Amino acid sequence: MTPATLHFVSGGHLLTVVIFFPALGALALLILRSEDHEWIRRVSFTVAAAEFVLSLLLIPGVPLGSGTYHLEEFHPWIASPPIQYHLGVDGISLFLVILTTFLTPISILASWTSIHARVKEFFVMLLLLEVGIVGVFLSLNLFLFFLFWEVMLIPMYFLIGIWGHERRIYAAVKFVLYTMAGSILMLVGILWLYNATGTFDLPTIQQMLQGGLLALSPRAETLLFLAFFVAFAIKVPLFPFHTWLPDAHVEAPTAGSVILAGVLLKMGTYGMIRFCLPLFPDASRRYAPAIAVLAIIGIIYGALVALVQPNLKKLVAYSSVSHLGFVVLGIFALQNISMQGAVFQMLAHGISTGALFLLVGMLYDRRHTFEIDDYGGLATPMPRLAAFFLFVALSSLGLPMLNGFVGEYLVLLGTYQVHWKWTAWAATGVILSACYLLWSYQRVFFGEVTNDKNRALADASARERWILASMAVVILWMGIGSPFFTRRFATSCQTVLDQMQRPWAYEAAAPRPTAAGPHASSSALGSSLERFGSR
Amino acid sequence: MLLLHGLWVIPALPLLGAAVNGLFGRKWPNNIVSAVGVGSTGLSFLASLEIMREFRRLPAEQIPWMRQYFTWITAGNFRAGFDLQVDQLTIVMLMVVTGVGWLIHIYSTGYMAHEGGYYRFFSYLNLFMFFMLILVMAANYVLLFVGWEGVGLSSYLLIGFYFLRKSAADAGKKAFIVNRIGDFGFMLGMFLLFRTFGSLDFGPIFAKAKDMPPDAIGQFGVLTIASLLLFMGATGKSAQLPLYVWLPDAMEGPTPVSALIHAATMVTAGVYVVARSHVLFTHAPTAMLVVAVVGCATAFFAATIGLVQTDIKRVLAYSTVSQLGYMFLACGVGAFSAGIFHLMTHAFFKALLFLAAGSVIHAMNGEQDMRRMGGLAGKIKWTYITMLVATLAIAGAPGFAGFFSKDAILFSAYQSETGGHILYAFGLFTALLTSFYMFRLIFLTFHGERRYDGRRVHAHESPSNMLVPLVILAALSIVGGWFAAPSFLPGGTDYFARFLGPVFGGAEGTGGEAAAHSLEITLAGVAVATALAGFFVALWLYIQKPDKPESLAKSLRGAYTTLLNKYYVDELYAAVVVNPLVWLSRKVLWQGVDVAGIDGAVNGIAESATAFGDRLRRTQSGNTRSYAVWVVIGALAIIVILFWPLIRPGAGGLR
């Protein structure tokens, strides 16, 4: 199917459908009786699975070797201020959407038996969460983006706060406050950009900045960059903004952790690629060394702190800090190979860490504890689960031919081409990840069973095996067939780097655009409307 | 020319075996599992023989013969393909890996017959074969790294095979992590090569490197640094100083694993990588010197530890570390084909030593301490004879395999320009130690008085599926050396060096001039004398004066305990690296920075905001009188502000 036919078949609304289909599902759930748990689960799983299939339609929608947006939708939405409903997908957002739609049905399956209270609300929240996340990845309008960004917080807040563990309220509030603190900065930045350009439309603003229609003073650019960057850095989370993460993860129910680690964190790194670099290239370049240092600290620090965690779930949470450090490093090395590595690492981490949280959740379902000391010798009663756990741990520590290797390797390889010292430091993370994963694995699974409660634990059930097997297949596929992915976002990564080029010189070419604000904005809007009118 | 087009078959067969046994083997009886495991490896061996046959007919310009299968990673100008290649070096490695590997698979069907997890063992063993074959057939560094890490994984799984034992699980983990430290260097080396050459395929890199001017000694150019980084990886995988610590512990694994992975094949991967990258190394004399010195030092160091160990497998483990040192010494002085030759002969006799040791352990119902053996020669005759052959080979008895390969290395070291005589002296002394500790092992195990409880242990000979591999390896340990019988022997030609010539170039030191001949004969004589000396010392100490070792140990208590405790290197690493790192992570980073520092600050802000709000809340007390007070205060404030221009001091007042 060519993109054009696809666009035609879907009536030009494929992206809208992909975003809001789960919301329809949530509505359908509302009709069901709350006691009808079995049907609630079935319906929500069916909806999520159908959503996954729908999202696969996006793959033919993004042609190989293309770096622009596809399947775009552009409609006037609010007249004043002028806000358009603008959606689009490129190679980078493509797989992030699919990652979301893949992990959601998996999380629903994982919650099949472990959620007992308010079952209906739980699945409604999970589906609404999906709406918010997919919306974030597909929005090309800053206002719309912000809207989804904030909308996503609400279901996550409830998921942690209602279905979480002991300290759930503390964790939920901390999660929301942290994110909001960043969001407010970003909102100021968005409003500033609107004030200067008269539009919220991302491609239009991008064109104006790149074409010299709008020139930011270095000071303004720096402030704007920081406003966006801090919001994203908190989300990632980048050291030292990470302390919400361990709490949120430990307290969240398994499904919440999977989505949180799997995709929510990537909204931060996605934002950096989509907004920070193309809109504020000079500031990005200026701050890249500092950010890289933070990323490297995160890699090493996250790994070392993970090493000494007595709580298995916290260990996985800190390992995310470490792995996301690679992503941020790859982005701010400002280099094609490392950027592709960063995008790949986002996907790989989503799968591997998602799978780790699933496995930890399965252990919790049986023993109701995350303490490593409460386990030991589990390989004897549950050989299958042990085998899956090892497989996932190996993918997480970057064993070649599994998914974790490709991202890490490309990030390090690409970064080395420009800053070998960064790579040398970051590569120590490769040693440390082996340390914390294998050490914890040994303490949980090897040795004799010492605690009698562990002696008769059931091995993975059929449902669990299906979940884990599908994760394992993806891990293997991404590890061996990585070009399927990288070929689809390679050009988009290059486009981001190209957008960082400013062909004109600041002083000479640019008129004083802030002075000519209203004029510039009207012409910019005109040009963007013209762009869509001409199709 | 059929199989050359399907090179992938060779690694795919064991992979298939691993998958089949791993997924379905649990419910199968042992003989089906063995059939899959041994069969897949055997077929792989046959395929390798066929490849060798076809390879010999290839015209020289088609070597290295390469097949590209699919692109595995690509980004920008970087491409890592699933590309396999065959050249003379690969052929040698293929023969060693599949041949010795197959024999060890056969042996395992006997050795592991009564162990639980039989299917798991063969699945892992086949998985190892897959990765090892990838390693030696890869046509680029990234694919090589796949095999490199993969054999590390298999090693982890197999060392920890008896995972119920903490020591085994610890040893597996230690092996993987120490290897990762080396891999850190290996990865950086790859990145540097890519930055320099824009590719990680062997062909382009070596072609370009060949034309580059060599670095001077002490000059740290790109090639020197890249070589050193690759060598760092090699020290991890091949257990050289300072990363050798994992190998002795790896003896926790089943004995066939020790024979296959930790003696014959995997641990030689580092030597293979150095030999494979010889173009880089020969352009980096500093790196060559480092390789030679590290190899020589390791050979000597490990041999000294081997002198006093009492666990039969540990003696062999330190011996392996020591012999690997010889191989690096050879590479370091530029005698790559001698290094690979020793790799091959060592694979024969060291695999044999381990398998024979396994047979001894089998006979002794699991006993590994030589102090509780003795006098076994008559009871397990076949094991004794084959192990004696291997001992003669490793000690360098004339005519046996080790004699030729060790001789070639010592001769090359002696001729080396930088520090050759020192390297030679240490190498020769190590040969003395080798001969001593090996005959010590033989005497303690097979000769002298019986030191075990004959009522509880009935020493019995192993079944034929264990003995046949021993006999074949014994034969190879004798004739394996004649491939390279130096030309000073009547009718002898160094077939081995000639075969590898196209890979390493013609600049091999062995053979040729008449002056070298007489020197080589002299050195060989010295080496034989040294080996004899080691033999006689062992004979004197352990047969003629069996009380002497104990009194010696007493009189040299300091040296003895240091050696017995392996120079306390493990303790040193724990005290200097491991424990401080854990302490730093736990006390400083986690509890200090994370919980008290960052989270403390965040919660502090939250708390002060709450406290501030709390104060504010008190003003909204609902008390009418307090509101009245505030109204009055507010009104007064407004009045003051309004009239400020008039009442301000110096404003002139209400005039």
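In this predicted model, Ile106(A), Leu109(A) and Ala110(A) of helix 5 of chain A make contact with Arg463(A), Ile467(A) and Ser470(A) of helix 21 of chain A. Sorted by class, this contact between helix 5 and helix 21 of chain A comprises 4 nonpolar, 1 polar and 1 charged residues. Helix 5 of chain A covers residues 91-110 and helix 21 of chain A covers residues 462-480; their axes come within 10 Å and cross at roughly 155°. Angles over 145 degrees count as roughly antiparallel, and helix 5 and helix 21 of chain A are therefore roughly antiparallel to each other. The crossing in which helix 5 of chain A passes helix 21 of chain A is left-handed.

From helix 16 of chain A, the residues involved are Asn336(A), Met339(A), Gln340(A), Val343(A), Phe344(A) and Leu347(A). They meet residues of helix 22 of chain A, including Phe485(A), Phe489(A), Cys493(A) and Leu497(A). By class, the contact of helix 16 with helix 22 of chain A has 10 nonpolar and 4 polar residues, and no charged ones.

The description now turns to the contact between the chains. In total, 41 residues of chain A are in contact with 38 residues of chain B. Helix 16 and helix 22 of chain A are among the elements that give two or more residues to the side of chain A that touches chain B. Also among these elements are helix 14 (281-307), helix 18 (403-418), helix 19 (420-426) and helix 20 (428-445) of chain A. Helix 20 of chain A gives the most to this side, with 8 residues. The residues on the side of chain A that touches chain B divide into 29 nonpolar, 11 polar and 1 charged.

Chain B itself contains 25 helices and 2 strands. Its radius of gyration is 33 Å, whereas a compact globule of 655 residues would have a value near 26 Å. Along the principal axes, the C-alpha atoms of chain B fill a box of roughly 135 × 65 × 55 Å. Of the 655 residues in chain B, 54% are buried. Among contacts in chain B between residues at least 6 apart in sequence, 80% join residues at least 24 apart.

Technical notes. Residues are numbered from 1 along each chain as its sequence is written. Chains are lettered from A and ligands numbered from 1 in the order in which they are written. This is a predicted model: local features need pLDDT of at least 70, side-chain atom pairs count only at pLDDT 80 or more; totals for chains, interfaces and linings use all residues. Two residues are in contact if their C-beta atoms, placed from the backbone, lie within 7 Å. Helices (H or I, at least four residues) and strands (E, at least two) are DSSP runs, numbered from the N terminus. Ala, Val, Leu, Ile, Met, Phe, Trp, Tyr, Cys and Pro count as nonpolar, Asp, Glu, Lys and Arg as charged, and the others, Gly among them, as polar. The radius of gyration is taken over C-alpha atoms; the globule rule is 2.2 Å times the number of residues to the power 0.38. A residue is buried if 20 or more other C-beta atoms lie within 10 Å of its own, exposed if 12 or fewer, and partly exposed in between; C-beta atoms are placed from the backbone. Axes are lines fitted to C-alpha atoms, for helices over the stretch in contact, and angles run from 0 to 180 degrees between N-to-C directions. Angles under 35 degrees count as roughly parallel, over 145 as roughly antiparallel, 65 to 115 as roughly perpendicular and the rest as oblique. A crossing is left-handed if the near helix is turned anticlockwise from the far one by less than a right angle, and right-handed if clockwise.
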